[in-house]
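Subject: Structure handover

Hello,

Here is the structure I promised to pass on. Please open it first, then read my notes below.

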Amino acid sequence: MIRLLTRLAAPAVIAVVVLGALPAYGQLTGSQRVSPALARELNDGSPVYAVSVELPFQPEYYHVHRLQEIGTVAGVQGRTVRVLQLSADQVREIAGFYWVERVDALDEG
């Protein structure tokens with residue numbers, strides 16, 4: 001009986017570890033994805049930020065929709081999504097997604 005429970009539980013434990021590993025990795029390394037210039041800006045107390053979010057691949061519906069849940073998506077160009085109306089905490093939340101490569105301040109020019 002114990003052997004059967006072990007055989008049933010092992011795949012479940014492995015699945016939980018695998019599914020939790022990527023989000024944990026994203027949260028642990030999120031600050032490295034924020035550009036140095038944006039990191040300085042995040043500490044200046046501004047109420048709203050506009051950022052470009054670069055992905056290592058062409059964004060799909062899921063990625064754009066997830067970013068839209070956090071801020072206002074202003075467009076997608078190539079592998080970059082422009083997101084507006086973000087607080088500093090929301091910028092950090094986006095940087096914590098494991099599928100984000102880089103977050104930078106949006107050029108207002």
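Is S52 buried or exposed? The model is a predicted one.

**Overall layout**

The protein chain has 109 residues, and 31% of them count as buried. Its secondary structure comes to four helices and four strands. From the N terminus on, the order is α-α-β-α-β-β-α-β. The accessible surface of the chain is about 7200 Å², and carbon and sulfur atoms hold 58% of that. Look at the contacts with a separation of 6 or more: 66% of them join residues 24 or more positions apart.

**Back to S52**

S52 is buried, because its relative accessible area is 17% and the cut-off for buried is under 20%. S52 sits in strand 1. Its bridge partner in strand 3 is R82. Leave aside the neighbours within four places in sequence, and S52 is in contact with T80, V81, R102, V103, D104, A105 and L106.

The four strands form an open sheet in the order 2-3-1-4, with antiparallel pairing. Which strands stand at the edges? They are strand 2 and strand 4. Each has a single partner strand, so one side of each is left without a neighbour in the sheet. On average, neighbouring strands are turned by 25° against each other, direction ignored.

Now take the pairings one by one. Strand 1 covers residues 49–54 and strand 3 covers residues 80–86. They run antiparallel and are joined by five bridges. V51 stands opposite V83 of strand 3. Strand 2, residues 72–77, also pairs with strand 3 in the antiparallel sense, over five bridges. Here R82 turns up again, as the strand 3 bridge partner of G75.

Strand 2 and strand 3 form a hairpin. Two residues lie between them. In that turn, G78 has a positive phi of about 65°.

There is another positive phi to look at. Most residues other than glycine have a negative phi. Q85 is not glycine, yet its phi is positive, near 60°. Q85 lies in strand 3. It is exposed, because its relative accessible area is 52% and the cut-off for exposed is over 50%.

**The core**

In soluble globular proteins, nonpolar side chains tend to be buried together. In this model, the largest nonpolar core has 22 residues. Which of them touch the most other members? L38, L67 and I94 do. At least two core residues come from each of these elements: helix 2 (36–42), strand 1, helix 3 (61–70), strand 3, helix 4 (88–95) and strand 4 (102–105). Helix 4 gives the most, with four residues.

Beyond its neighbours within four places in sequence, L38 is in contact with Y49, V51, V91, V103, D104 and A105. V51 is the residue that stands opposite V83 in strand 3. V103, D104 and A105 are also among the contacts of S52.

**The aromatic cluster**

Y62, F97 and W99 form one aromatic cluster. How many aromatic pairs are there? The count is two. Y62 and W99 make an edge-to-face pair, 6.0 Å centre to centre, with 70° between the planes. This pair links distant parts of the chain. Y62 is in helix 3, and W99 is in the loop between helix 4 and strand 4, 37 residues apart.

The rings of F97 and W99 have centres 4.9 Å apart and planes at 15°, so this pair is stacked. W99 is buried, with a relative accessible area of 7%. F97 counts as buried as well, at 11% relative accessibility.

Best wishes

Note on methods: Residues numbered from 1 in each chain as written. Predicted model: local features only at pLDDT ≥ 70, side-chain atom pairs only at ≥ 80, totals over all residues. Heavy atoms only, no water. Pairing = 2+ DSSP bridges. Core = buried A, V, L, I, M, F, W, Y, C linked by side-chain atoms within 4.5 Å. Buried < 20%, exposed > 50% of the residue type's maximum accessible area, 1.4 Å probe, protein only. Contact = heavy atoms within 4.5 Å. Phe/Tyr/Trp six-rings, centres within 6.5 Å; stacked < 30°, edge-to-face > 60°. Axes fitted to C-alpha atoms, helices over the stretch in contact; angles between N-to-C directions. Areas by Shrake-Rupley, 256 points an atom, 1.4 Å probe, with all protein chains shown as cover.
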